Structure formats: C-alpha cells, structure tokens
Amino acid sequence: MGSSGMHKRLISICLLLLILLLNINAFADEIYIDASHTIGHLPEIFSSSIWLTYIDEGDEYKIKKFLRENRPSTIQFTISRILRESKDFGDFKEDLRRYFLSPPASLLIDTVRKRGIRLIIGYDPRGMPKWLSSRPAMRSSISRAQKISVMNVSPPRDYGLWGRVVEYTVNLLFNELKIHNLGFYVGHEPNDRDWAGTERSFFRYYETAAKAVKGVDKRILVGGIGVWSVRARKAQCDRYPKRIRRICQKEGWADGGESPMLYNFLQYVGRKDIPLDFINWHSFRPVPVDIGQRQVSTLREWIRASGLKEGKISLYPSDWTYWSMHAGGYPADYLDTEEDAAYIVNTLYNMWVAGIDWAGHDFNVRNPLKERRVSKERKGASFIGDWSLFTRDGIVKPSYNAFRVVSMLSGPRRESIRVLDTRPSSDKRITAVSVIDGGTKEVRTIIANFSPSDIKILHPYLKEMLRVEGYMDVYNALTEVERCIGRKKGRQRIRLFEECVEGIHADKRLMLKPVIDGYKCLLSKDPGRCIIEHRAGYKGKGLSARIYRYISDNVLERRVTLRYIKLPYDGRVSIDIYRIDSDNANACRLNKSTEPSPTDTPCGIGGLIDRKVRRARIKAREDALRGYLLRMGYGLKEVERIISDLRDCPSWQRKDCLKEIRKRHRVKINLRELMREYHRKYFSQVDDINSINGVSLEGSVRRIYGDVKDGRLVIDLKVKPNTVLLIVIRGFGT
C-alpha cells in the first residue's frame with residue numbers, strides 16, 4: 001500500500017475513533033410522559049402570538065402565510081403611523097377607517113374576528129401627531145442614534161382630545177368591526193426616548209386612555225406600559241442631545257427617583273383605582289429560567305404592594321426576542337439560525353412554568369438604517385440578522401418554524417387538548433411538554449435543546465443556571481471576575497478573564513478552571529475536538545464536571561430518550577418527527593452550505609436561497625411590467641423593448657429608474673398598481689421557495705413506526721445543540 005493509501009486509512013481510523021468518542025461522551029437525557037395523567041388545558045402561552053408593528057402591501061404575503069399556518073391567541077397591532085401622519089382629528093378618523101378596510105389590514109381583521117383571537121391595539125411608539133402634540137414645532141431628534149422627532153413623543157396638548165382618539169379607535173373596532181376580544185395598550189418604552197415628558201404626565205396619558213376604553217365597553221381590556229425591562233427607570237437627562245437635555249432638566253423628566261418606572265406606575269394605578277387588566281413589558285434575551293425567578297416574582301410583589309388584585313391582572317411580555325444589545329449590537333446573525341428557534345420554544349416553556357399569561361414575539365420589527373448597511377456589505381444577501389420571523393425577501397427563518405411547531409402542538413382544536421404529566425430531564429436546557437388530543441387521541445411532544453454558542457450569550461446563561469441550581473460560590477466567583485474585567489480595557493475578553501481569575505482566591509480559581517478551559521475550546525478552530533480532549537479530564541470531578549458539561553454540551557450531540565406509559569392504544573403506531581436544527585427546516589444553513597465561495601457569515605452569501613430570490617425578483621419585475629403594459633393596450637414589440645430597458649436598469653424599484661423608462665418610451669405607469677402586481681408575482685414564487693425541503697418544516701418530517709406494549713413506548717433520539725423536535729404519535733384505527 002502506498003504512502004497516500006496509508007495516510008487515508010489513518011485518517012479514516014482517526015475519524016472513526018472520534019465518532020465513537022463523541023457517542024461515548026454524549027450525555028443521555030430521559031423524559032417520562034404519562035399519557036393517562038392530564039394536568040389541565042393547554043395554556044395560551046403555547047401559541048404563536050406576535051407583535052405586529054404595521055401592515056404594508058408588501059407584508060400581505062407574510063401575514064397571510066402566518067395566519068394560515070399558525071394559531072396565535074394574541075396579536076398586538078401597532079397603528080401609530082395612522083395617527084402620526086394625520087392632519088387633524090377628522091382626517092385621523094377617515095384614515096383609520098380607510099386603513100382597516102384596506103386589503104392587508106382587513107385580512108387581519110377578518111381572521112381575528114372569525115377565530116376569536118385577542119387583538120391588542122395601540123398608538124405607541126412615536127404616534128403623537130402635530131395637531132395633538134404639546135410640542136408641534138419641535139421636529140429635532142430626541143435621539144443621537146435614531147431620527148425620533150420630539151414632536152412625535154411629547155405628551156398631548158389636550159388630554160381630553162387624546163381620550164377621544166382612543167374612544168373612537170376602540171368603538172370602531174369593538175362596535176362596528178365586531179372584534180369583541182379586544183384590548184388597548186398604552187406605552188412603548190416610555191422610560192426612555194419614546195416619552196419626552198415626566199412620569200406623571202405619562203401616567204395621566206395612561207389614565208385618560210384607560211377611562212376612554214372602559215367608557216366604550218368594560219369588556220375591552222386595557223394595560224401598559226411597555227417599559228424596556230421590568231426594572232427600567234426613567235432615563236436621566238444626560239441620555240439626550242444637548243438641546244433636549246436642557247428641556248429635560250427644566251421640566252424634570254427624570255422625576256421617578258430611584259424606583260423603576262413600572263413600580264411607580266402600579267403605585268399610581270392602585271392609589272387612584274384606575275383600570276388595569278394587563279401589564280406588558282419588553283424582554284430582550286433573558287435567560288429562559290430567569291423569567292420566573294426574577295421578572296414574574298418581582299411583578300407579583302409590586303402588584304401586591306400597590307394594593308391591586310394579583311389574580312385579576314395578566315402578565316404579558318409584549319415585545320420579546322432572543323436579541324440583546326449587549327451581545328454585539330444589531331443586526332445579529334444568531335437571529336437567523338436554529339439557535340433562535342430553540343430559544344423561542346425553551347422560553348415559552350419557562351414562561352408557562354413562571355405563570356406568564358400571554359406573549360408577543362417580534363414579527364416584523366425593523367431598523368432600516370442599520371439593516372441597509374449590512375445588506376449593502378453582503379451584496380443584498382437574504383440573511384442579515386434582522387428581528388423578523390421572515391427575511392426581508394419573505395423567506396421563513398428557523399424562528400418562524402419554531403412557532404409552526406408550537407401551533408401544531410394544539411392544532412385547530414385547542415379546546416380538546418390536554419397537557420400530559422411530563423417529567424423533563426434534570427438539565428434545564430432541555431425542555432419538554434406533551435399533550436393529548438381528546439378527539440384524535442394523538443399524543444404530541446415538543447422538545448427544545450437550547451445551547452447558546454457565543455460566549456457573550458453563553459456567559460450570563462451559565463451564571464444564571466448555576467444560580468438557579470444553587471451553586472452560589474461559583475456564581476459569586478464569576479461575578480467577582482466580571483467586576484475585574486469591567487475595570488480593564490483593550491484586550492481580548494478571554495485573556496482578561498484569565499488575568500482576573502488569577503487575582504482571586506485559590507479555591508475560586510480552581511472552581512473556574514472548567515469555565516476557562518471550556519471558553520478556550522469554544523474559541524478554537526475545532527471546538528468539538530477540543531471539548532472532547534478536555535472532557536475526559538473532568539470525568540467524575542463533581543461540580544467541575546457539571547460546570548464543564550454546561551459548556552461542552554453546547555457543542556456535542558446528546559441522546560434523548562422518551563419513555564411513554566399508559567398510551568391510549570396498543571400495537572403498531574406511526575411516529576412523525578419534525579426537526580429544526582442545523583440541517584433541517586433551516587433556510588439560513590441551506591444558503592450557507594451552497595454559497596459559491598466561503599464567507600465568515602453563518603448564513604452565507606450568494607447561496608441557493610439568495611440565487612432563487614434573485615431570479616424570482618427578476619422574473620416578477622418583468623412579468624409585472626409586461627402584464628401591466630399589455631393590459632394598458634401597448635403592443636407586444638413595444639412592451640418587449642421596454643422590458644429590455646428594464647433589464648439594463650440596476651435600480652428598477654427606484655422611482656428614477658421607472659421615470660426614465662416612462663420618459664424614454666412615453667408610457668403612463670401607475671406605480672402603485674405596478675408594485676401591487678409585482679408583489680403578487682414575486683411572493684407566489686417565494687411561496688415555492690418556502691416549500692422546499694431544506695426550508696419548510698414539512699420538509700423535515702421523518703416517519704418511523706413503533707410497537708406499543710401495555711401502553712408503553714420508548715423513542716431514542718440523537719439531538720444536536722439548538723434543536724427543536726415535534727413528535728406526533730398516532731395509533732392505527734384511532
């Protein structure tokens with residue numbers, strides 16, 4: 001055998017040993033499901049509820065697809081643009097009525113009415129129009145980073161007129177459009193730049209709205225106040241540009257003292273007996289187990305301290321997402337990957353355990369200035385790490401498929417679904433919930449293995465897991481190291497971490513050694529191999545082994561065993577397994593695996609999805625213009641000459657491009673009609689892209705068969721980090 005043959009054989013043997021080693025080191029988790037023991041109805045938190053910021057004509061496909069494939073219990077719908085752009089109260093009323101009768105909005109309204117979905121309407125953020133604002137002449141920006149007009153975030157000049165705006169809105173929806181599961185929210189981050197006034201002025205703003213809502217019908221819900229975190233305080237004046245800072249200081253905007261704004265609000269509401277049906281707040285990338293440990297317990301304590309009735313007020317994180325400003329800014333690539341999907345399901349589970357009633361995940365939130373920069377850098381790639389569940393091109397992300405899985409848990413008949421007694425793994429990163437459909441007798445189980453990969457995200461997660469499990473010595477040691485890091489700058493974080501560990505007590509250094517080893521592996525070129533090499537050294541070392549496993553299981557595949565007992569059927573069963581991971585239901589990774597040349601982006605540039613989107617745009621723009629011109633009576637040859645010019649125009653969507661075509665060929669083009677036709681043709685092709693195997697949830701399903709004996713069934717699964725599974729068991733003849 002030649003030297004090259006020996007070399008290949010040696011590589012094969014090494015790979016085989018590595019695979020065996022991976023399997024030996026994989027940590028096994030067992031989940032027990034008693035199919036005869038139900039613990040109640042499936043709660044609303046297990047639904048694909050969203051925060052919808054606006055509906056434009058280009059969003060119609062996304063809304064239609066979402067409503068067709070998902071079962072939300074709550075939709076929060078922001079309509080601030082309608083109010084902000086109106087000229088006076090009469091103009092506002094006409095615009096609002098016209099908007100709700102437009103095709104995109106009426107689709108939502110019709111679906112909400114038919115299904116009884118809870119619709120929560122509001123005019124924040126930045127909804128104050130010139131005719132209602134107390135600062136109608138202040139067009140200057142209140143923010144250094146964003147163009148937020150002071151006029152649009154100022155208190156109303158006439159609180160009574162503001163009350164009439166709210167009254168007209170809820171009356172139109174409740175009495176005329178017949179949406180009887182209706183709510184009205186007040187406030188969007190009023191603790192910061194979305195309220196140019198004092199806490200007292202905002203509380204009056206809420207009070208006026210709440211009384212107007214209940215004046216229409218007491219069944220309409222009202223709540224607030226949308227602070228950016230439960231404990232957020234009113235921003236200090238130095239947060240604003242110099243000119244605004246002077247106004248802030250003069251008027252005393254930071255009047256809340258040391259107390260969180262939400263706490264002060266609850267005190268105000270309780271003291272004055274103002275209606276409050278729900279508390280909504282924003283929650284950006286909290287550690288899932290932290291929601292119950294900190295946020296909910298804090299809110300319940302504040303409700304009691306305010307003299308309000310705890311059981312009468314729903315808890316509602318209305319704007320939540322995996323993103324955090326502390327993990328590298330925005331856009332953030334991890335929002336496009338399977339990691340976001342696993343986080344969503346894991347967090348919903350922990351919201352349920354904590355007692356949260358509803359949730360509203362970001363659906364189409366945008367920051368165009370920052371997104372435009374990244375899009376340009378990536379040459380128009382589909383994946384730029386934005387907040388939405390769809391890419392800007394309409395491609396579904398793994399996060400969208402995660403909500404599909406949650407919707408499939410209940411199916412169309414939520415009233416017949418019962419939650420089964422499910423004992424999950426001792427490792428809180430793996431969550432599981434099981435249900436049985438009382439009609440079909442199907443048993444469904446969702447599993448999520450959330451494993452943050454980036455150290456900036458993993459570190460706070462690791463700390464919180466250690467705290468929850470009672471390892472306070474390690475938690476305190478990590479906190480001490482973080483204080484040290486905060487006093488130093490200019491070097492790599494891992495190097496600072498090591499330096500700061502050296503400065504603490506020897507016993508604490510020993511406790512943190514597995515953290516340093518694990519972090520170094522995650523930053524290495526081959527994290528899996530590095531983890532395995534170190535893991536053997538921690539075997540049997542108690543706490544050190546447990547800490548190291550928290551990090552190593554973010555890289556290694558693990559085994560999960562489902563043990564069902566007392567299933568309602570015996571004999572042969574079919575088992576459908578839907579999977580979201582790095583290889584399934586994941587347009588991001590499919591695009592990466594097919595990019596023409598390697599890039600440092602997790603979703604790739606120029607891959608299969610990008611190519612299909614580009615072809616769809618070209619075809620749609622030509623077909624839309626061709627069809628439009630033919631309907632207008634232009635001859636075929638003339639149309640083809642115009643289409644030829646269109647192909648030579650790199651910026652065809654811009655008005656100057658179409659203006660040039662209209663001028664050169666002397667044709668009349670209604671841009672609104674043309675764009676409507678373009679969207680229709682483009683998104684029909686996008687729907688085909690969303691249906692291919694590597695993108696759709698349906699493309700991930702694998703059917704296997706099993707035998708139930710005495711009501712027992714065992715399913716063994718291999719689960720990668722950041723995987724979501726839906727297992728559907730059906731008995732034959734049931």
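This is a predicted model: local features need pLDDT of at least 70, side-chain atom pairs count only at pLDDT 80 or more; totals for chains, interfaces and linings use all residues.
The largest nonpolar core holds 186 residues, and F77, F92, F100, W162, F184 and I279 are the members that touch the most others. Helix α6, which spans residues 159-176, gives the most to this core, contributing 10 residues. Apart from it lies another core of 25 residues, which includes I447, I575, I715 and L725. For a closer look at one member of the largest core, F92 can be followed. Leaving aside neighbours within four places in sequence, F92 is in contact with I82, L83, S86, Y123, W131, V165, Y168 and T169.

Aromatic rings come next, with 44 aromatic pairs in the structure. A pair of this kind is described by the distance of the centres and the angle of the planes. The rings of F278 and W358 have centres 5.6 Å apart and planes at 55°, so this pair is tilted. The two partners come from distant parts of the chain, 80 residues apart: F278 belongs to strand β7 (residues 278-284), while W358 sits in the loop between α11 (338-354) and β9 (361-362). F278 is buried, at 0% relative accessibility, and W358 is buried too, with a relative accessible area of 6%.

A further pair is formed by Y343 and F450, whose ring centres are 5.3 Å apart; their planes stand at 70°, so the arrangement is edge-to-face. Y343 lies in helix α11 and F450 in the loop between β12 (443-449) and α14, so the pair ties together parts that are 107 residues apart in sequence. Y343 is buried, with a relative accessible area of 1%, and F450 also counts as buried, at 1% relative accessibility. Beyond these pairs, W162, W195, F202, F203, Y205, Y206, F265 and Y268 form one aromatic cluster.

Turning to helix packing, the axes of α14 (residues 455-468) and α15 (residues 472-486) come within 8 Å and cross at roughly 150°. The crossing is left-handed. On the α14 side the contact is made by H459, K463, L466 and R467, and on the α15 side by M472, V474, Y475, L478, T479 and E482. These residues divide into 5 nonpolar, 2 polar and 3 charged.

Finally, D507 lies in helix α17 (residues 506-522). With a relative accessible area of 54%, D507 is exposed. D507 and D473 are 34 residues apart in sequence, and their C-alpha atoms are 10.0 Å apart in space.

Technical notes
Residues are numbered from 1 along each chain as its sequence is written. Side-chain values use heavy atoms; hydrogens and water are left out. Axes are lines fitted to C-alpha atoms, for helices over the stretch in contact, and angles run from 0 to 180 degrees between N-to-C directions. Helices (H or I, at least four residues) and strands (E, at least two) are DSSP runs, numbered from the N terminus. A crossing is left-handed if the near helix is turned anticlockwise from the far one by less than a right angle, and right-handed if clockwise. Contact means heavy atoms within 4.5 Å. Ala, Val, Leu, Ile, Met, Phe, Trp, Tyr, Cys and Pro count as nonpolar, Asp, Glu, Lys and Arg as charged, and the others, Gly among them, as polar. A nonpolar core is a set of buried Ala, Val, Leu, Ile, Met, Phe, Trp, Tyr and Cys residues joined through side-chain atoms within 4.5 Å. Buried means under 20% relative accessible area, exposed over 50%, partly exposed in between (1.4 Å probe, protein chains only). Rings of Phe, Tyr and Trp (its six-membered ring) pair if their centres lie within 6.5 Å; planes under 30 degrees apart count as stacked, over 60 as edge-to-face and the rest as tilted.
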